[in-house]
Amino acid sequence: MSKTETEQNPLSLFEFWPGSIFYTPIVLYWIAMGLKYRDLSIPTAANPRIETGGLCGESKSSILDMAGPIAQEAIAPYAVFASGMGALDRALAAMERKELSFPVVVKPDIGCNGTGVKLVRSREQLESVLPQFPNDVDLMVQELIDCPVEAGLFYIRHPDQPQGRITSVTYKEAPVLTGDGHSTIEELIMSDPRMGQVPQIYLPRLAGREKSVLAEGEVLPLVFAGNHCKGSVFRDGRADTTPELTARLDAIMKDVPDFYFGRVDVKVPSVEALQRGEGLRIIEINGVGSEAIHIWDRRTTLWEAYRAQFSHYHQTFLIGAANKARGWKTSGAFGMLHSWRKQRRLLASYPMND
């Protein structure tokens, strides 16, 4: 894509619409489907071994813990420890158990949208980061996978199907500033055709550095967490879906008991390795609450985004209904509300992500 084209269309029409606007048609669709099935919580049975099917309030580690040997081999090593007094000792002990060394990633065990995700490079930094979290919550410490390509792979398999399929591939790119020796960080952000339109995403996390001047050629990554609403740039990579990638992801996800719907966030050495299904390192496995995030590519139209959303949520109702017919229970409307309120309360207490 040419520089001129990028400058002309740095954002899609709806990329940063308020959630209350963008998601209203999706909520209405969910309600309509719930009335059809006489159960608003049918999708929570799509991944029946996960709280709310992974819609909200679920533990990240509990999903990873279910993985068998094939899946565990691909998952980045992690450990869980409690926040609060003595958290540093517990975190270091957890790292020792898993043979983890700095740098590592620390994140809430219950969370979404990258909230609270921290890149920790040293023991001293870990000591300063841990008090930023509320007391008595579970935190994950995970190996930092140092691969240049990060992607979200959306996986769907119906309970009666022997193989699953990939419905979305999305590349996640962290925005980077390059210094010119005289412009401040804030000036560099404001002069960028994309970042300059949404400076409120980037400036608050600079912690007073916005007036600093980067040396010529000095590079500053602005976001670590690979989340669109936190400032990462998403690129539609569906064209890179191959039989080899599909077969590899299918083998991994069938090793997670009764997992049928969700997004797997991975890092890989290269796009070519991804296409071959090689070198996949899983960071997270997300359930019903995850999205096919190629919709946040700036080239995606509003109609294409809604079509993808409706199509995927339709699948959650089909899969959930099939699992309910097999005897699995749904969360119920009040169960969903309870989990959502728990998650919302926790998200409000976490520190800003890196």
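Student: Between which two helices is the loop that holds A45?
Tutor: The model is predicted, so local features need pLDDT of at least 70 and side-chain atom pairs count only at pLDDT 80 or more, while totals for chains, interfaces and linings use all residues. Residues are numbered from 1 along each chain as its sequence is written, and side-chain values use heavy atoms, without hydrogens and water. Helices (H or I, at least four residues) and strands (E, at least two) are DSSP runs, numbered from the N terminus. A45 is in the loop between α3 (24–37) and α4 (60–65).

Student: Is A45 buried or exposed?
Tutor: Buried means under 20% relative accessible area, exposed means over 50%, and partly exposed lies in between (1.4 Å probe, protein chains only). The relative accessible area of A45 is 0%, so A45 is buried.

Student: Which residues is A45 in contact with, leaving aside its neighbours within four places in sequence?
Tutor: Contact means heavy atoms within 4.5 Å. With those neighbours left out, the contacts of A45 are G320, N323, K329 and T330.

Student: How far is the C-alpha atom of A45 from that of G332?
Tutor: Along the chain, A45 and G332 are 287 residues apart.

Student: Which residues of α12 are buried?
Tutor: An α-helix has 3.6 residues a turn, so residues three or four places apart point the same way. In α12 the buried residues are A305, Y306, A308, Q309, H312, Y313, Q315, T316, F317, I319, G320 and N323.

Student: What covers the buried residues of α12?
Tutor: Both helices and strands take part. The cover includes α2 (19–22), α3, β5, β6 and β10 (261–268).

Student: Which residues does T316 touch, not counting those up to four places away in sequence?
Tutor: T316 is in helix α12. It counts as buried because its relative accessibility is 0%. Beyond its sequence neighbours, T316 touches I42, P43, A46, F261 and V288.

Student: What is the phi of G327, the glycine that follows α12?
Tutor: G327 comes after α12, and its phi is positive. The value is near 110 degrees.

Student: Where does R38 lie, and what is its phi?
Tutor: R38 lies in the loop between α3 and α4. It counts as exposed because its relative accessibility is 79%. R38 is not a glycine, yet its phi is positive, about 60 degrees.

Student: What relative accessible area does N113 have?
Tutor: N113 lies in the loop between β2 and β3. It is not a glycine, but it has a positive phi of about 60 degrees. N113 is partly exposed because its relative accessible area is 40%.

Student: What is omega for the cis peptide bond at P103?
Tutor: P103 lies in the loop between α6 (87–97) and β2 (104–108). A cis peptide bond joins F102 to P103, with omega about 0 degrees.

Student: Which residues are closest to the centre of the second largest pocket?
Tutor: A pocket is found on a 1 Å grid over the protein atoms alone: it is an open set of points with protein on both sides within 12 Å along at least five of seven lines, and lining residues have an atom within 4 Å of a point. This pocket has a volume of about 790 Å³. Of its 29 lining residues, the closest to the centre are L119, R121, P221, V223 and F224.

Student: Which strands each supply at least two residues of that lining?
Tutor: Several strands contribute to the second largest pocket. They are β3 (118–120), β5 (149–156), β6 (165–173) and β8 (219–221).

Note on methods: On a 1 Å grid over the protein atoms alone, a cavity is a set of points where a 1.4 Å probe fits but cannot get out, and a pocket is an open set with protein on both sides within 12 Å along at least five of seven lines; lining residues have an atom within 4 Å of a point. Grid points are joined across faces, edges and corners, and a volume is the space filled by probe spheres set on the points.
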